[in-house]
Amino acid sequence: MASRVFALLIGIDDYKSGRIWNLEACAHDAQRMKQWLMQDLQVPKENIALLLNQEATKRHVEDTFMSHLVNNPAIAKGDALIVYFAGHGSTMRAPPDWCEGKLSSVQVLCPYDHDTKGLQGRIAGISDRSLFAMLAELSLVKGDNITLILDCCFLKAQLGSSTRDRRFIRYTPTSKATPEDLFLGLWRGAVGRRFKGEFGFFQDDCQSHVLLAACRPGEKALEWKEGGKFTSELLTMKDALPLHQMKFSDLSEHLAKGLTHIQQHPVCVGQCKNRVFLNGVPFVADASLVPVNGEKDRLRLEMGAMHGVVEGTEFSVHEHNRFGSINPSLDSFRVYEVYPTWSLARRKSLSKPGGRGSWARITRWNSRTPFRVYVKKTCSSLLGRLFGRSKNSEAELDGIPVKEGLNIVQVETSAKADMSVGVHTRDVRVQNLDHLVPPTAHPLIRIEKDRSRSGVILSEAARFHMHLHRTNPAKPFHESLGMEIFRVDPHTQRRVGPNLLVDGTAAISHSEGARYAVVLHNHSDTDLWPYLAYMDSNGVDIQLLYHPQPLYPMPPLRKRSYLDIGCTGSGIPPLNFPFPDHQQQESAFLKLFVSTSYTSMGLLEQSSTVHSRPPTPVPPPTPAVESKDQPQNWDTALACVIMRRARAKS
């Protein structure tokens, strides 16, 4: 599923007006917030609008708010929306009839062009009244899961004119703009809308959003060269607190404790302040974590031979199974007995104290199949610097960090390799040389260099290789499984043309918008649970195209029958085989896993683009139910898919 978090991040250090002193760390804070969203919460880059310094004019902020949030068709009601501002705040004298009741001052956020001449009067910032109307419009169309984060302040007393008085404080006086300019710059949706302005941005009865503010009204929001004190504390808390179960109000209290020593007290207001942070939306289940249960020193792991577990596989145990929320390892275990869909494990060390956890993550596969890598010497002298061995790396291959237990070995020639890797100035070039891939389908893939991904390129490729080559040596259903691939009409879902899979390979002339269906055949006398994975041999991506639900009353692939995936009447949408725009040829595999009892195969999935999410929702793992009449078993079937881009008709 696609990420359900969208953000507008604004950071302003350098102001257009010479009367406004510049700040030092606001742009950096906004970039750090973006890094947190992308790396920890796996938010795609396109879901984040980042406006820094001169980009953050009043007009551009308002336009981006509308285009990126209000009018964004990718956002559904209930998605988590974040508006973050780091820069100067200011207060201005309130004009007559500005709001209900008597009011002496108006709180404003200072965009890049604050207090300078505009087309109509002077720019008087983005007022509390304007922003409340904007957020109300947003909540009307996208829901109230909106978080406003302000790292600035609104002082009641003006600062002194000396640099010492105003240094490191995210507040500026407004010297030229007048109260009349507030009306001239008022958001159009705020005209005629009731507004209780007594508390400015800090209205506790607000229904449209929750506010996390750096400090109370009248206090100073401080910064240092490394960042704003409030933003820095917030980013520290995400590494110290389980955010997936943390209420906004509780988070605010933790932030206040960390800033009490500088007399800065963060504030949380809004009717939904007792809701879980971001309403829990980013903290989806992590399919790489599977259930464990049992005694403290011996556990049952809901993974077995079908998942790639062997004797000696090691895993860590954790408290929960949520993305983006701190989840440290509590203990380590090693598998000593393996069954088709589950296994038994002992603690690695009985002498060291360990914690109890309900979820496990594989830390060492102990793969039996070697993954042979040929490292090209195109830029060998730069490998160490480019890939930068981390302190946590357990092993290296010619300077490239790799995880142990994946049986990665270096070979001297490409003829003996399953993959070749070359490091160049701007990219890493990878070529899959697996013998299962036809020789004509070995394109050179260029991967943009990314320090956060440099240490996992080979590990992901080795995992892909392990899952691709895994079989059940007993082959209980090998002769009884079959696959067919058909092109289908995307509108009617009816088959178009013959079976494309011939002798284990489907050679497809792929056109834009093409859709496909797969028919699975079971010629055995046993009902089976099927799991169909699409394995892109170029990008080492693995996606589950079909995964059954555990609540099905019977296994979907019945004995001596078949299962349509993507055909009319199947209840499953037609399949879209991924085909990158920049490639003329794509090689992939359809790998079918079957088992006699239900298990979750979500941990198979991986993506070479770290921010993408699997398109098929995968049910969480559940303990396998064993039948006394029929012991557990499993098997696989494999089909090669070679797609060439069809020539456009002239």
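**Salt bridges chat**

Student: Which side chains meet in a salt bridge with 3.1 Å from N to O?
Tutor: Those are the side chains of D40 and K238. Keep in mind that this is a predicted model.

Student: Okay, and where in the chain do D40 and K238 sit?
Tutor: D40 is in the loop between α1 (26–39) and β2 (48–52), while K238 is in the loop between α6 (229–237) and α7 (248–259). The pair links distant parts of the chain, 198 residues apart.

Student: Is K238 buried or exposed?
Tutor: K238 is buried, because its relative accessible area is 16% and the cut-off for buried is under 20%. D40 is partly exposed, at 24%.

Student: Why can side chains pair up like that at all?
Tutor: Opposite charges can pair when the charged atoms come close.

Student: New topic: what does D151 pair with?
Tutor: The side chain of D151 meets that of R170 in a salt bridge, 3.0 Å from N to O. D151 lies in strand β7 (residues 146–151) and R170 in the loop between α4 (163–166) and α5 (179–184), so the pair ties together parts 19 residues apart in sequence. D151 is buried, at 0% relative accessibility, and R170 is buried at 0% too.

Student: And E314, where is that one?
Tutor: E314 is in strand β14 (residues 314–318), and its side chain forms a salt bridge with K348. E314 is buried, at 11%, whereas K348 is partly exposed, at 39%.

Student: Which residues do shared partners join into one network?
Tutor: D29, R32, D151, R170 and E223.

Student: How many salt bridges does the structure hold?
Tutor: It holds 24 salt bridges.

Technical notes:
Residues are numbered from 1 along each chain as its sequence is written. This is a predicted model: local features need pLDDT of at least 70, side-chain atom pairs count only at pLDDT 80 or more; totals for chains, interfaces and linings use all residues. Side-chain values use heavy atoms; hydrogens and water are left out. A salt bridge is a side-chain nitrogen of Lys or Arg within 4 Å of a carboxyl oxygen of Asp or Glu. Helices (H or I, at least four residues) and strands (E, at least two) are DSSP runs, numbered from the N terminus. Buried means under 20% relative accessible area, exposed over 50%, partly exposed in between (1.4 Å probe, protein chains only).
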